[in-house]
Amino acid sequence: MRPLLVLCLGNPDRGDDGFGPAVAEVLDGTLPPDVTLMARSGDMLTMLEDWAGFDALICVDAAGGGDRPGRIHRIDLAEEDLPRDMAFLSSHAFGLGEAIALARTLDLAPADIVVYAVEGQRFDGGSEMTPPVAAAIGPVAERITAEVARLQEAANHA
Amino acid sequence: MTTKTIKVDYLARVEGEGALDLHIEGGIVKTANLRIFEPPRFYEAFLQGRSHIELPDIVARICGICPVAYQMSSVQAVENAFGVKVEGQLRALRRLLYCGEWIESHALHVVMLHAPDFLGYPDAIRMAEKHGDVVRKGLALKKTGNAILRLLGGREIHPVNVRPGGFYKVPTRAELAPLAEELKQAFDLAVDLVRWVATFDFPDLERDYEFVAMRHPDEYAITEGRLVSNRDIDIDIADYETEFEERHVAHSTALHALVKRRGAYLVGPMARYALNYDRLPVSIRGLAKEAGLGPVCSNPFRSIVVRALETAYACEEALRLIADYEQPESAAVPLEPRAGTGFGCSEAPRGICWHRYDFEEDGTIRTARIVPPTSQNQPSIEEDLAAVAAPIASEPDDVIRHLCEQSIRNYDPCISCSAHFLKLSVHRA
């Protein structure tokens with residue numbers, strides 16, 4: 001089996017930014033035992049340490065800049081770059097986009113990276129998650145379960 | 001008369017949300033304002049009524065980069081109020097934890113946020129295309145600092161293992177051993193970093209700062225000492241309010257701190273270095289000399305060299321503390337709450353972090369006052385901006401903007417936590 005990491009990003013105390021951790025809660029205990037699940041908030045540079053040694057990475061994060069809260073985007077970085085108008089939020093100097101760009105420049109990025117981003121609407125400290133974003137938690141968790149199976153299957157046939 | 005306003009609406013590569021306004025009239029800089037518009041966070045207000053036990057965990061939330069500074073100053077204030085002194089290996093462990101914070105914070109700033117200024121890159125990602133090795137080394141250093149925070153603090157961001165009187169849990173010697181191995185490599189990386197940043201081209205600027213830092217009889221002060229300056233200040237930390245004051249200014253949600261009798265002062269690596277050069281080990285003083293530093297550095301652009309030097313010092317000091325470590329019998333000394341006032345001060349990566357608390361008889365916080373380093377440096381930053389912009393006031397806006405932004409980043413300002421994009425608007429009369 002290839003080492004596979006599911007990394008759920010966000011701050012549960014910042015409204016829709018809590019999407020990643022909420023997905024991690026649903027996935028906890030449901031993924032195959034050789035898959036690592038992490039929930040992270042804060043400095044995205046530490047992600048470079050988190051994904052060291054993993055061959056494939058699935059990232060879950062909320063993003064600003066869209067016009068349809070709750071819309072789910074699947075971005076396979078083997079096929080396309082992260083959209084420039086999609087703002088992955090971080091309260092620190094480096095967000096997901098920067099961390100991935102830096103890791104790729106330094107050859108520290110996993111071979112496969114798939115990002116699941118949900119468009120968020122409200123990111124204020126202490127606010128609740130908005131209903132359309134909350135409604136996307138279950139569907140994204142299901143899609144990640146399927147994504148994990150696909151990536152493992154691809155590795156078996158490689 | 002030509003009037004020119006240079007605005008940087010959102011400062012990049014700093015921790016927090018701030019902006020820059022520069023007004024130039026007839027080639028003369030009239031005002032230079034660092035605008036801090038991040039909303040006030042009211043920590044001092046919502047600490048009222050909370051228990052002293054909760055204090056270090058609440059104030060750790062003030063900053064994700066330097067939470068240890070807030071924890072250390074706050075527990076010191078609790079212990080000061082309750083008449084307890086934490087010494088021996090518990091004190092050494094606190095210093096070790098603090099070294100971890102210096103390493104991770106300094107490495108982040110020197111390599112990822114500040115070095116691109118000197119080499120002409122917009123950010124560390126572009127810089128990594130040409131200087132990948134240095135960026136890898138910077139990340140490895142940061143990782144080592146984080147490893148110390150994780151082991152002693154329970155986690156690297158907002159640690160949870162510090163309590164008034166000591167810690168909740170202390171490590172065994174065996175648990176510290178792998179850290180020592182990592183730190184030996186980190187020290188070599190930090191030495192390389194000092195040598196690398198020393199090769200940068202530094203703008204000529206010598207400033208007549210009043211340096212303010214802590215000073216200790218035996219060590220390069222981090223967790224404890226008197227407050228001293230290169231003018232005539234030499235006071236107990238409890239007397240901070242007799243010498244210093246904070247003022248509201250219209251353009252900033254952060255208070256400006258000043259020496260009452262004189263005005264702006266500077267805290268942070270350059271101040272520590274100038275006031276405690278004789279407390280550095282011979283090895284670090286030798287490295288400083290090799291990097292072109294004398295016992296005092298007054299060029300703010302060279303602060304990057306001092307910061308790298310302190311990173312090397314923190315690695316060496318951490319190794320010394322680990323080598324001398326014996327696991328204490330108890331993770332904390334007992335505390336008996338009592339009514340009173342307590343003071344705490346420690347050297348955050350960016351400078352002194354001063355706290356004062358009044359406690360009820362049961363240890364409930366009655367009032368709190370926290371003076372972070374960046375608010376102390378704001379007047380000094382603005383004086384630097386005026387000094388930097390004056391000789392180049394007739395240059396194109398982007399030249400002025402670049403040097404002014406770089407000047408702000410000389411301070412590693414921790415406005416709090418953010419920084420994403422930058423907009424410049426120029427208004428010409």
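This is a predicted model: local features need pLDDT of at least 70, side-chain atom pairs count only at pLDDT 80 or more; totals for chains, interfaces and linings use all residues.
Let's start with a strand pair. In chain B, β11(B) and strand β12, residues 351-359, pair in the antiparallel sense over nine bridges.

Now widen the view. These strands belong to an open sheet of three, in the order β11-β12-β13 of chain B, with antiparallel pairing. Which strands stand at the edges? They are β11, residues 340-348, and β13, residues 365-371, of chain B, and each pairs on one side only. How much are neighbours turned against each other? By 15 degrees on average, direction ignored. A helix packs on this sheet as well. Helix α12, residues 373-389 of chain B, touches β11, β12 and β13 of chain B. The direction of α12 makes about 130 degrees with that of β12(B).

Strand β7, residues 226-229 of chain B, pairs with β8(B) over two bridges, in the antiparallel sense. One bridge to point at: Leu227(B) has Ile235(B) in β8(B) as its partner.

Next, a hairpin. β9(B) and β10(B) form it, with two residues between them. Strand β9 covers residues 244-249 of chain B and strand β10 covers 252-259. They pair in the antiparallel sense over five bridges. Find Glu246(B), and opposite stands Ala257(B) in β10(B).

On to the helices. Two packed helices are described by the angle between their axes and the distance between the axes.

Take α7 and α11 of chain B. Helix α7 runs over residues 173-197 and helix α11 over residues 303-323. They pack at an angle of about 160 degrees, with their axes 8 Å apart. That angle makes α7(B) roughly antiparallel to α11(B). Their crossing is left-handed. Who makes the contact? From α7(B), the residues include Leu176(B), Leu183(B), Phe187(B) and Val194(B). From α11(B), they include Ile304(B), Leu309(B), Cys315(B) and Ile322(B). The contact residues divide into 20 nonpolar, one polar and two charged. Lys184(B) of α7(B) and Glu316(B) of α11(B) are among the contact residues too.

Helix α4, residues 88-119 of chain B, packs against helix α6, residues 132-153 of chain B. The angle is about 155 degrees, and the axes lie 8 Å apart. α4(B) and α6(B) are therefore roughly antiparallel to each other. α4(B) passes α6(B) in a left-handed crossing. What classes of residue make up this contact? It has 16 nonpolar, six polar and three charged residues.

Last, step back to the whole chain. Chain B is divided into two parts: domain 1 takes 3-39 + 390-428, and domain 2 takes 43-377. How far apart are the C-alpha centres of the two domains of chain B? They lie 26 Å apart.

Definitions and conventions: Residues are numbered from 1 along each chain as its sequence is written. Chains are lettered from A and ligands numbered from 1 in the order in which they are written. Domain bounds come from an automatic or database domain assignment. Axes are lines fitted to C-alpha atoms, for helices over the stretch in contact, and angles run from 0 to 180 degrees between N-to-C directions. Helices (H or I, at least four residues) and strands (E, at least two) are DSSP runs, numbered from the N terminus. Angles under 35 degrees count as roughly parallel, over 145 as roughly antiparallel, 65 to 115 as roughly perpendicular and the rest as oblique. A crossing is left-handed if the near helix is turned anticlockwise from the far one by less than a right angle, and right-handed if clockwise. Two residues are in contact if their C-beta atoms, placed from the backbone, lie within 7 Å. Ala, Val, Leu, Ile, Met, Phe, Trp, Tyr, Cys and Pro count as nonpolar, Asp, Glu, Lys and Arg as charged, and the others, Gly among them, as polar. Two strands pair if DSSP finds at least two bridges between them.
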